[in-house]
Amino acid sequence: MTVMIERIHLKVVHAVEVHGSLTAAAKELCVTQSALSHTMRKLEDNLGTEVWLREGRSLRLTQAGRYLLNIANRVLPLLDYAEDKLKQIALGERGTLRIGMECHPCYQWLLKVVAPFLDSWPDVDVDVKQKFQFGGVGALEDYEIDLLVTPDPIYKTGLSFTPVFDYEQVLVVPRQHALARFDYIEAQALADEVLLTYPVATERLDIYTHFLNPAEVLPKQHKTSETTEIILQMVASGRGVAALPRWLAEEYCTKLPLSVVRLGEAGIAKQIYLGTRESDQNIEYLKAFIDLARSYKYPLDPAKV
């Protein structure tokens, strides 16, 4: 016969040891003494050995009973801990927030949001995944990530996108470049330039879709790099020009000999969105992250630095 030791058996052995009798243990566990006695007799029958030796009104643990008590002392606190943490997960107080990035230059902004979030939610970890190549919506649908940072939301049933902040896409050029003296440029000005971008398909690059393609203009050459710092070092050394968010470009203008130029007279206006699954909107730490992100508009905000 298969012997099944259940949690109630461990709780009974522990309660009797602590309170000294079946009567007191039954009261502690909110069951009748007869029910408790029946439960333990059934266990003893299945084990083929006694848990207690009855000496008058007192109980003395047998070798098997002492072993069960040792197990109870180790396992019961672990189960209590596990239940408590699972409840915290259900309430959104503990877990891992997996963030997918479709916005390469937003990584620096994300770091400024993650730091205070981790301070406020010590039981929640953060894992950032950057290599989606604009496949973040599928990763969100497939539960690979919990939150997607993107400038180009794709609205689908079951997903929700919250706008976080507005920004302008601008051209970054060397400080001594001929284009640096203009307030804004038209697309034709890039026909003789080397354009440096992230390794993203041109149909997903704003500099193409919002600026070059409508004017039917192509840059002289298009080169890519994974890293913002390398792109801007290349620009500073006169190897090309790049299109980046104004907030990021202006931050690097304080570190490198760079200038910012508007793309077209009206500029290119964009927004950053945080995408989530609608079914997750009641997770407290996820809501807290979005609220924090919306309040922290931009790393160069003097009130935030």
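Which residues in H1 meet which residues in H4? Let's start there, everyone, and then walk through the rest.

A quick word on the model: it is predicted, so local features need pLDDT of at least 70 and side-chain atom pairs count only at pLDDT 80 or more, while totals for chains, interfaces and linings use all residues. Residues are numbered from 1 along each chain as its sequence is written, and side-chain values use heavy atoms, with hydrogens and water left out.

Now, the H1 and H4 pairing. From H1, the residues are Arg7, Leu10, Lys11, Val13, His14 and Glu17. On the H4 side they meet Gly65, Arg66, Leu68, Leu69, Ile71, Ala72, Asn73, Val75, Leu76, Leu79, Asp80 and Glu83. Contact here means heavy atoms within 4.5 Å. Helices are DSSP runs of H or I with at least four residues, strands are runs of E with at least two, and both are numbered from the N terminus. H4 covers residues 63–90, and its axis comes within 8 Å of the H1 axis, crossing at roughly 110°. Those axes are lines fitted to C-alpha atoms, for helices over the stretch in contact, and the angles run from 0 to 180 degrees between N-to-C directions. H1 and H4 are therefore roughly perpendicular; that label covers 65 to 115 degrees, with under 35 being roughly parallel, over 145 roughly antiparallel and the rest oblique. The crossing of H1 and H4 is left-handed, that is, the near helix is turned anticlockwise from the far one by less than a right angle, whereas clockwise would be right-handed.

H1 also packs with H3, residues 33–47: the two axes come within 10 Å and cross at roughly 110°. So H1 and H3 are roughly perpendicular to each other, and their crossing is left-handed. The residues that meet are Ile8, His9, Val12 and Val13 from H1, with Leu36, Thr39, Met40 and Leu43 from H3.

Let me zoom in on one of those, His9, which sits in helix H1, residues 7–19. Is His9 buried or exposed? With a relative accessibility of 6%, it counts as buried, the cut-offs being under 20% relative accessible area for buried, over 50% for exposed and partly exposed in between, using a 1.4 Å probe and protein chains only. Leaving out residues up to four places away in sequence, His9 touches Met4, Thr39, Met40 and Leu43. Its side chain also reaches the backbone nitrogen of Glu6, at 3.0 Å.

The axes of H5 (residues 107–120) and H10 (residues 284–295) come within 10 Å and cross at roughly 130°. H5 and H10 are therefore oblique to each other, and H5 passes H10 in a right-handed crossing. Trp109, Leu110, Val113, Val114, Pro116 and Phe117 on H5 meet Tyr285, Phe289, Leu292 and Ala293 on H10.

On to the cysteines. How many disulfides does the structure hold? It holds 1, where a disulfide is a pair of cysteine sulfur atoms within 2.5 Å. Cys103 is joined to Cys106, S to S 2.1 Å. The torsion about that S-S bond is about 60°, so the disulfide is right-handed. Both Cys103 and Cys106 are buried. Cys253, by contrast, is in no disulfide, and the nearest cysteine sulfur, that of Cys106, is 17 Å away. Cys253 is buried too, with a relative accessible area of 17%.

Cys30 counts as exposed, at 69% relative accessibility. You'll find Cys30 in the loop between H2 (22–29) and H3. Here is something for those of you who like backbone torsions. Most residues other than glycine have a negative phi. Cys30, though not a glycine, has a positive phi of about 60°. Tyr143 also has a positive phi, near 65°. Tyr143 is in the loop between H6 (136–141) and strand S5 (147–150), and it is partly exposed, with a relative accessible area of 47%.

Last stop: Arg262, in strand S11, residues 258–263. At 30% relative accessibility, Arg262 counts as partly exposed. Beyond four places in sequence, Arg262 touches Glu168, Asp183, Tyr184, Ile185, Arg246 and Gly267. With Glu168 there is a side-chain polar contact of 2.7 Å. A polar contact is a pair of N or O atoms within 3.5 Å; within protein, one must be able to donate a hydrogen and the other to accept it, and residues adjacent in sequence count only if both atoms are side-chain atoms.

Thanks, everyone!
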